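I opened the notebook to look up the pockets and the ligand. My entries follow the structure.

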Amino acid sequence: MSRSKSTALFERVFGDSSGCDAFFAPGRVNLIGEHTDYNGGHVLPCALTMGTCAAVRRRDDGQLRLYSADFPDIGVVSCPVSGILNDPAHGWANYPKGVVKVLRDDGLPVDSGFEMVVSGDMPVGAGLSSSASLEMVTAVALSGLFSLGLEGDEGRARMAALGQRVENSFIGVNSGIMDQFAVALGRAGSALFLDCATLERRFIPLNLGEHEIILVNSNKRRTLAESNYNLRRDECERALADMRRAGASASSLCDLTPEEFGRWSDAISDPVCRRRARHAVLENARVLDAASALEAGRLDLFGKLLNESHLSLQLDYESTGRELDCIAELAWQREECLGARVTGAGFGGCVLAIVHRDGAEGFMRFTGERYRRYIGHDCSFFRSESGDGARRV
Ligand code: GLA
């Protein structure tokens, strides 16, 4: 959404738009490296061109006024900037409220209050990080409004870490750092190769040749808070604890190479936890291989690693479900598709497919028709390009 549309929405909600400023934060698609971030591993996401817009203006009475065009029934949410609490009745607005809270807890001066309208052009609860997009658009807007200095590479990295804290301590989802990092720091035309243990990172050109990314939304919505996300994280921690007790010197699962994991995995007492850990370790190895394959232009290998990632999430991590498995299996049948896998946390949401441009229409027709026949409702398609990270517009 453009600056003028955001400003028009602001005017409609708050009467006039004098002195308001506009910001944007994208969603993200993770190419590969799922459930590795909180296991100290690598990820390879890129920012999208779709995302969330915000128009904001300062107030001087210490009050927040928040409105989302995507949740009109909730209306304008109001509360003071101090003493912010998570209120289930505030729905979406808990994310910007959480951002204000963690910024203030971190000593950043968000004191005088503000009013903000947001609107997005991306599906919510579809594994494309609509919540990180909302957090980062709030943070970038407040940095602009209150001169918080969360600018440049390091400022954006701090912003991402604060966004993760919103999820962990305010929303109650023990998520990793990937989403906020990709949303805050993404670059058009590039994938972000991030080591989540050290935050070392570099950008890899997203050269897909004649191919494009097609996102297939299963239209099975979920929120991470309701999903088994936190349970999976606990299972990984239990697996690590068992191996450490037996003598493995690893501070996270992804410290282990697949060979090392083979030596220690018998120490994991629960076979379910063993499978969760196997996914994390092998997925991390796949990210390293996929990054090299992308850099070397070996797209066939890149696609094959994507397929393996999906199977590992399906069979070992059990975070896919029949809708996502159906889409992946349909995609794998198509010659024009190099590879396809669930993207994001799973339990619903989107499959990412790398598809030859000439076959894109046929791919969507085939997948759409069969999906409806097998699952009983429609899937939808997005042909979003990679885009830049959170910014003023
Ligand atoms: C969600 C979380 C991320 C990451 C992915 C799975 O998107 O927010 O931190 O764990 O799931 O890879």
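Predicted model: local features only at pLDDT ≥ 70, side-chain atom pairs only at ≥ 80, totals over all residues.

Entry 1, the lining. I sorted the lining of the largest pocket by class and found 19 nonpolar, 18 polar and 9 charged residues. Here Ala, Val, Leu, Ile, Met, Phe, Trp, Tyr, Cys and Pro count as nonpolar, Asp, Glu, Lys and Arg as charged, and the others, Gly among them, as polar.

Residues are numbered from 1 along each chain as its sequence is written, and side-chain values use heavy atoms, with hydrogens and water left out.

I read a space of about 930 Å³ for the largest pocket. A pocket is an open set of points on a 1 Å grid over the protein atoms alone where a 1.4 Å probe fits, with protein on both sides within 12 Å along at least five of seven lines; lining residues have an atom within 4 Å of a point. The volume is the space filled by probe spheres set on the points. The lining holds 46 residues, and Tyr-95, Val-124, Ser-130, Ser-131 and Thr-223 lie nearest the centre. Two or more lining residues come from each of helix 2 (94-105), strand 6 (113-120), helix 3 (130-146), helix 4 (152-171) and helix 5 (178-185). Helix 3 gives the most, with 4 residues. Helices (H or I, at least four residues) and strands (E, at least two) are DSSP runs, numbered from the N terminus.

Which space does the ligand take? I found that it is the largest pocket, by the rule that more than half of the molecule's atoms lie within 2 Å of the grid points. Of the 12 residues around the ligand, Glu-34, His-35, Asp-37, Asp-179 and Tyr-229 come nearest; a residue counts if one of its heavy atoms lies within 4 Å. An oxygen atom of the ligand is 2.6 Å from a side-chain N or O atom of Glu-34, and for Asp-179 I also read 2.6 Å from a ligand oxygen to a side-chain N or O atom. The protein buries 97% of the 310 Å² that the ligand exposes when taken alone, by the Shrake-Rupley method with a 1.4 Å probe.

Key:
Polar contact = N/O pair within 3.5 Å; in protein donor to acceptor, adjacent residues only side chain to side chain.
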